[in-house]
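Subject: Structure handover

Hello,

Here is the structure for your files. My notes on the aromatic pairs, a helix packing and the core follow it.

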Amino acid sequence: MKIPLSKNFLFLLIISLMLLAGDEMRLINPLKSRLRQPFIDTETRLLNSYQQFLSQVEKVRGVDRQAYLELEGRVRQLAIEQNRLSSCEEENERLKKILNISRLAGRRLLEARVIGIVGGEMKIDQGWRAGVKEKMTVIEDNILVGQVIGLDEFSAAVRLVTDDASKVPVVVKRPGGSSGMVQARGLLLKENGRLVLDRVLQNEDIQKGDLVVTSGEDNWLPEIVIGQIDRLMGTKADVYKRAEVVPLIDYRPLRVVFVVAGEEP
Amino acid sequence: MSRISIGSYWMLLPILFLSLLQEAFLPINFVLLFFIVWASVSFQLADFIEKASQKIFLTAFLTGLIQDLAGDGRLGFLSLIYLLVGGFLVVYSRRFDSTRPWFLAGFIFIANLVISFLGGRPDLSGSFILAIIALMTGGFLSFFSGGGRIIKLKI
């Protein structure tokens, strides 16, 4: 039988392969960036419209979005303050002074607009041209958003903490506790649509309301708040303690985030 | 290469729109679904196989290019994948009816799974949802074509 794939097919196949090779070798980056810019702008506008639509729907459903956001913001601020205070207590006077400024002091924060959020991945409008690198931490209001996992010249892909593939080494701290000591160590991951704190030793003490904070391992910045323990799971017979964690922020309505770049020059 | 009529490439507009939506917030690859359903139907309805297949290949290439530009992947990657998908459809459609619901569902399921796997994020649930939508679309097409196969003399 004659194979019906024509010369056109082979021609287009070769063009695709050439584009792929050109992109891999970064030969067509200037052209690609120029072509992508209108797409990025349109996607940002579409996402904004979608977020506005969602807030309108919530209004219709009787949820006072503004009041909710204000309360959420206050809870978030309180959680950050609690974490900062408990961290300070374990340090001596000299370190307290430094910690009181900010643990992010001296680091360059790159502001980035959110272009899209699909599943557990967020796309932002800053790429390697602006100094973004893979594995950089992304935050919003001192709360962890995710980590950069892919890049091009003008945009980057951020894996959110709530992504299925996300695994964050964390420590658990008790807000307002007698000291800023670490209650437990564990791994934060996604399981059946929920954030779950796993790998906590049975002799470690965790309870509802404890703060879950990055430990600083695996290229994550330390001491960035993620969420609070909502519910303990499993039994004492299990090898590890587990708990359900609620993030301190809703990632969907975010419009601006900050990429924590290297030290200030 | 035959002359290209702009009017016959209208389907690139919804593809552009869907690609933008997909990159902004839609978690499911509706572009793939739209392309495969469109390609299957247009091949079944075409009078001239060569002409129809050329149109499918060019649309596949442009669809991939649009999606590559709207997303953050390598330029040319999805063009290549969509061309292969189009190529398979053309080869299959010469012998069988590619608008059959079970074929559409299975083909879209596998195609989406392969694309998501090659993109580094295997998407089983998204593929399943797409397959269900494709199954319904195929049933809808069968219903409106009277449930019988379209018999045409392919030139």
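B:F107 is buried, at 12% relative accessibility. Buried means under 20% relative accessible area, exposed over 50%, and partly exposed in between, with a 1.4 Å probe and protein chains only. B:F88 is partly exposed at 42%. These are values from a predicted model: local features need pLDDT of at least 70, side-chain atom pairs count only at pLDDT 80 or more, and totals for chains, interfaces and linings use all residues. Side-chain values use heavy atoms, without hydrogens and water; residues are numbered from 1 along each chain as its sequence is written, and chains are lettered from A and ligands numbered from 1 in the order in which they are written.

Aromatic pairs

Rings of Phe, Tyr and Trp (its six-membered ring) pair if their centres lie within 6.5 Å; planes under 30 degrees apart count as stacked, over 60 as edge-to-face and the rest as tilted. Over all chains, that rule gives 8 aromatic pairs.

One pair is A:F9 with B:F57: centres 4.8 Å apart, planes at 55°, so tilted. A:F9 sits in helix α1 (residues 7-24) of chain A and B:F57 in helix α3 of chain B, so this pair joins two chains. Helices here are DSSP runs (H or I, at least four residues), numbered from the N terminus. A:F9 is buried at 6%. B:F57 is buried at 0%.

B:F88 and B:F107 are stacked, 5.2 Å centre to centre with 20° between the planes. B:F88 is in α4 (residues 77-93) of chain B and B:F107 in α5 (residues 101-118) of chain B, 19 residues apart.

Helix packing

In chain B, α2 (residues 30-45) packs on α3 (residues 49-70) at about 170°, axes 10 Å apart. Axes are lines fitted to C-alpha atoms over the stretch in contact, and angles run from 0 to 180 degrees between N-to-C directions. So α2(B) is roughly antiparallel to α3(B), a label for angles over 145 degrees. Residues in contact (heavy atoms within 4.5 Å) include B:F35 and B:W38 of α2(B), and B:I56 and B:T59 of α3(B).

Core

The largest nonpolar core has 107 residues. Such a core is a set of buried Ala, Val, Leu, Ile, Met, Phe, Trp, Tyr and Cys residues joined through side-chain atoms within 4.5 Å. Its largest share, 10 residues, comes from α3(B). Among the residues with the most contacts inside this core are A:L197 and B:F35.

Best regards

Terms used:
Angles under 35 degrees count as roughly parallel, over 145 as roughly antiparallel, 65 to 115 as roughly perpendicular and the rest as oblique.
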